[in-house]
Amino acid sequence: MEDLITLGIESSCDETAAAVVVNGRKMLSNVISSSLELHKAYGGVVPELASRKHLEYIVPVIDGALKEAGVSLEKVDVIGVTFGPGLVGGLLVGLMAAKSLAYAAGKPLVGVHHLEGHIFANFVGEDAPEPPFITLVASGGHSHIVLVKDYGDYKILGRTRDDAAGEAYDKVSRALGLGYPGGPAIDKAAALGDPKYASFPKTRFKDSLDFSFSGIKTAVLNHMNRLNMAGETVPVNDICASFQEAVCGILCENTFKAAREQGIKTVVLAGGVAANSRLREMFDRTAKQRGVRLVKPPKILCTDNGAMIASAAYYAYKKGRISDMTLNAEATWSLEDM
Ligand code: KG4
Ligand code: ZN
C-alpha cells in the first residue's frame with residue numbers, strides 16, 4: 001500500500017496548528033503557535049484577538065510543519081482542516097488557508113469536526129484503538145461520552161447540560177486566583193492538596209449519562225465565600241484537590257458506566273482535560289479493575305494540535321469523505337451529523 005500523507009490544520013480556538021502525518025499514524029511534524037499569553041489578562045480567550053493572531057501565524061505555522069516534516073506541498077496527498085465547532089473568526093483563517101492550498105495544488109480537502117480530531121489524537125502513534133469503542137471527549141467547550149461505532153460513525157451517549165469540564169476548571173481557577181487556563185494550574189495545585197478536604201457534589205442524573213458541572217463550581221465558590229466571610233484562609237491546594245476529585249470522579253464513573261452498558265471493552269480519552277494527571281490515574285485504575293483496554297493520547301496531543309486533524313482527515317478520506325470548496329466555518333455542529 002502506498003503511503004498517504006495528510007497535512008492537518010487547526011485554528012478553532014487560540015492555537016494555530018499544523019502537522020504532517022503519514023497513514024493517519026506516523027507524525028512527521030506538529031507545529032503549534034498559541035496566542036494564550038495574550039488572553040491571560042482577560043481570564044479567557046478573546047475571539048477578536050485570537051483571530052488576528054491566527055492571521056499572523058497561519059502561513060509560518062503551515063510552512064514550519066511542511067519543512068520540519070521534510071515534505072513539499074506537492075507530496076501532500078490530502079489536506080484536512082477543522083471547520084467547526086469553534087470560534088468562527090479563527091476557523092475561517094485555517095479554512096481559507098486550507099482551501100487555498102487545496103485549490104492551488106489540486107489536492108483533496110477534508111473538513112474535520114474538532115471533537116472528531118480530539119478522538120483521532122489516539123490514532124497517532126503505535127497504540128491506536130479499533131472501533132467500536134467508548135470515548136470521553138472533555139475540553140474547554142464540550143464534555144461528551146461518545147460511542148465510536150466505526151470510523152466517522154458517532155453516537156453521543158452523554159453530554160454536559162451546562163458547563164464543560166474544562167470550563168469548570170477555568171472558572172474555579174479564576175475564582176482562586178490561579179489564572180487562565182485553569183486546567184494545568186489546578187492540576188498542579190491539586191497535587192499538593194488533600195482530595196478529602198471537602199466533599200463537593202457529583203451531579204448524577206437518573207437513567208442518563210449526562211454531566212452537570214455548574215453545581216460543583218457554585219459549591220466551590222460558596223465554600224470560598226464562607227471562609228472569606230469568617231476571615232479564614234482559603235486552602236487553595238486542598239480546594240483544588242477536592243474539586244478535581246469530584247470532577248474526575250464523575251467523568252470516570254459515567255464513562256465506564258457507558259462502556260458497561262454498551263458491552264464495550266475499549267475506553268479512549270480525548271480533549272484538553274484528558275491531559276489531567278488525576279483523570280489519567282483514575283481511568284488507568286478503573287480500566288485495570290474492569291479488564292477494559294484504556295487508550296489515552298500523549299499530553300501534547302490532548303490539547304489542540306494539527307496532528308489530530310491530519311489523522312482524522314486520513315481516516316475520513318479513506319471512507320470517501322471529501323469536502324468541496326463550499327466548506328464553511330460552523331460555530332456549532334454535532335458529531336452525529338458528520
Ligand atoms: O481541547 P482544548 O485544548 O481546547 C478546546 O477544544 O476547548 O481544551 C482546553 C481545555 C481548557 O479548559 C483547559 O483548562 C483544559 O482543557 N485543560 C486541562 C488540563 N490541561 C488543559 N484540564 C484539566 N487538567 C489539565 N491538565
Ligand atoms: Zn479542542
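The model is a predicted one, in which local features need pLDDT of at least 70 and side-chain atom pairs count only at pLDDT 80 or more, while totals for chains, interfaces and linings use all residues. Residues are numbered from 1 along each chain as its sequence is written, chains are lettered from A and ligands numbered from 1 in the order in which they are written, and side-chain values use heavy atoms, with hydrogens and water left out.

Strand 2 (residues 15–22) runs antiparallel to strand 3 over 8 bridges, with Val21 opposite Met27.

As for the overall layout, the chain splits into domain 1 (5–124 + 301–337) and domain 2 (133–296), with bounds from an automatic or database domain assignment. Their centres, taken over C-alpha atoms, are 26 Å apart. The contact (heavy atoms within 4.5 Å) takes 20 residues from domain 1 and 27 residues from domain 2.

Another open sheet has 5 strands in the order 8-7-6-9-10, again with mixed pairing. Its edge strands are strand 8 (153–159) and strand 10 (293–295), and its twist averages 25° from one strand to the next. Strand 6 and strand 9 are parallel over 4 bridges, and Leu136 has Leu269 of strand 9 as its bridge partner. Helix 8 packs on this sheet, touching strand 6, strand 7, strand 8 and strand 9, at about 160° to strand 6. Helix 9 packs on it too, touching strand 6, strand 9 and strand 10, at about 175° to strand 9.

The largest nonpolar core has 50 residues, and Leu136, Leu251 and Phe283 are among those with the most contacts inside it. Such a core is a set of buried Ala, Val, Leu, Ile, Met, Phe, Trp, Tyr and Cys residues joined through side-chain atoms within 4.5 Å; buried means under 20% relative accessible area, exposed over 50%, and partly exposed in between (1.4 Å probe, protein chains only). Helix 8 gives the largest share of this core, 13 residues. Beyond its neighbours within four places in sequence, Leu251 touches Leu136, Ala165, Phe211, Phe213, Val273, Leu279 and Phe283.

The zinc ion (ligand 2) has His114 (NE2), His118 (NE2) and Asp304 (OD) as its protein donors, at 2.0 to 2.1 Å. Donors are N, O and S atoms within 2.8 Å of the metal (3.2 Å for Na, K and Ca), and sites may look incomplete because water is not among the atoms. His114 and His118 are both buried. They are 4 residues apart in helix 4 (residues 114–120), so about one helical turn separates them.

Key: Helix = DSSP H or I, 4+ residues; strand = E, 2+ residues; numbered from the N terminus. Pairing = 2+ DSSP bridges. Axes fitted to C-alpha atoms, helices over the stretch in contact; angles between N-to-C directions.
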